[in-house]
Amino acid sequence: MNGLHPASVPIAARQLDGDGRLIHFLSPEGLSRDILEGILDTAAGFIDENDEAVKKAPLLRGKTVANLFFENSTRTLTTFELAAKRLSADVLNINIRTSSTAKGESLLDTLHNLQAMLCDMFVVRHAESGAVHFITDHVAPGVSVINAGDGRHAHPTQAMLDMLTIFRKKGSFEQLAVAVVGDIAHSRVARSEIHALKTLGVKDLRLIGPTTLLPESFAELGGQVWRNMQQGLDGVDVIMMLRLQRERMAAALLPSRREYFNHYGLSEERLKHAKPDALVMHPGPINRGVEIASSVADGTQSAILQQVTYGLAVRMAVMSIVLGNNRQVGSPR
Ligand code: CP
């Protein structure tokens with residue numbers, strides 16, 4: 001075993017080896033700017049400048065990657081699978097619904113059985129915040145874990161693909177005004193984005209939403225809280241819209257979807273409050289007409305599908321970095 005971490009061990013330390021190198025990717029929280037920029041640089045290297053396609057590489061030849069998704073996914077699961085294949089790894093997509101989890105097998109037993117098949121990496125999505133940390137604490141030396149989204153806690157590769165999209169469209173972070181809008185309270189994407197944006201140097205970070213979805217305490221993460229969307233969007237360079245995450249709401253926190261769109265939906269009219277070249281982003285899946293108008297999601301300022309394309313490069317980067325670092329630990333794998 002890698003050695004269990006008590007709860008007091010900071011999140012950053014759980015994903016680094018003794019020399020400070022990234023061997024798991026659980027959250028951008030507490031990671032250095034150098035590490036985050038290293039991921040962006042490596043991802044950029046996978047992108048062919050001419051057509052922005054992602055190149056194939058043999059970096060994970062002979063390695064086995066297991067995708068363990070205990071929660072639904074379209075973008076993350078498929079881009080992780082594609083990324084592993086582009087890196088020449090063997091890929092196992094474990095269907096949790098038809099696996100022995102349905103017969104009562106525990107998470108640890110599933111993990112140990114997959115390790116017995118000499119898997120080198122687990123990419124894990126789980127509805128419980130912290131489940132991925134638990135797995136990380138129990139994998140064998142030389143095995144890496146990547147968090148593909150745990151509860152409302154973290155979605156680190158989504159944050160990094162968003163950072164890559166911003167960097168390639170805007171060229172830097174320091175001078176940007178960035179708005180994150182919507183259901184921030186339930187969003188693992190928002191938490192990871194806020195950590196990444198702050199570490200990469202964004203100074204004007206605006207968090208916009210109603211009190212029920214954005215408690216005042218979120219200002220402690222480093223953003224300024226706005227209740228009025230028009231005012232919050234004034235002059236921003238980037239707008240990151242979030243999905244209403246009803247599956248994580250304990251009770252109805254909104255009068256209606258229509259009411260929500262009226263106050264916090266990104267319409268063409270509201271978009272005019274941002275800079276004329278402001279980038280519109282959304283991690284997906286989109287609820288059209290709830291948090292964003294179709295005309296904006298499909299409009300000229302939208303980078304939503306570009307985010308998905310860059311997701312492939314970022315996931316290739318993260319997989320090659322963590323396994324490359326972990327290999328050097330001295331594992332026989
Ligand atoms: N953005 C995102 O995580 O999408 P999926 O749930 O489809 O993976």
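Phenylalanine 173 counts as buried, at 4% relative accessibility; buried means under 20% relative accessible area, exposed over 50%, and partly exposed in between, with a 1.4 Å probe and protein chains only. This is a predicted model, where local features need pLDDT of at least 70, side-chain atom pairs count only at pLDDT 80 or more, and totals for chains, interfaces and linings use all residues. Residues are numbered from 1 along each chain as its sequence is written, and side-chain values use heavy atoms, leaving out hydrogens and water.

Let's stay with the rings for a moment. The structure holds two aromatic pairs (rings of Phe, Tyr and Trp, the last by its six-membered ring, with centres within 6.5 Å; planes under 30 degrees apart are stacked, over 60 edge-to-face, the rest tilted). Phenylalanine 167 and phenylalanine 173 are stacked, because their ring centres are 5.8 Å apart and their planes lie at 20°. Phenylalanine 167 is partly exposed, at 38% relative accessible area. In the other pair, tyrosine 260 and tyrosine 264 have centres 6.0 Å apart and planes at 35°, so this pair is tilted.

Now turn to the ligand. Around it you will find Ser73, Thr74, Arg75, Thr76, Arg125, His155, Gln158, Pro283 and Gly284, where a residue is near if one of its heavy atoms lies within 4 Å. This shell divides into one nonpolar, six polar and two charged residues.

Which atom of threonine 76 lies 2.6 Å from a ligand oxygen? An N or O atom in the threonine 76 side chain does. For arginine 75, a backbone N or O atom is 3.0 Å from a ligand oxygen.

Terms used
A polar contact is a pair of N or O atoms within 3.5 Å; within protein, one must be able to donate a hydrogen and the other to accept it, and residues adjacent in sequence count only if both atoms are side-chain atoms. Ala, Val, Leu, Ile, Met, Phe, Trp, Tyr, Cys and Pro count as nonpolar, Asp, Glu, Lys and Arg as charged, and the others, Gly among them, as polar.
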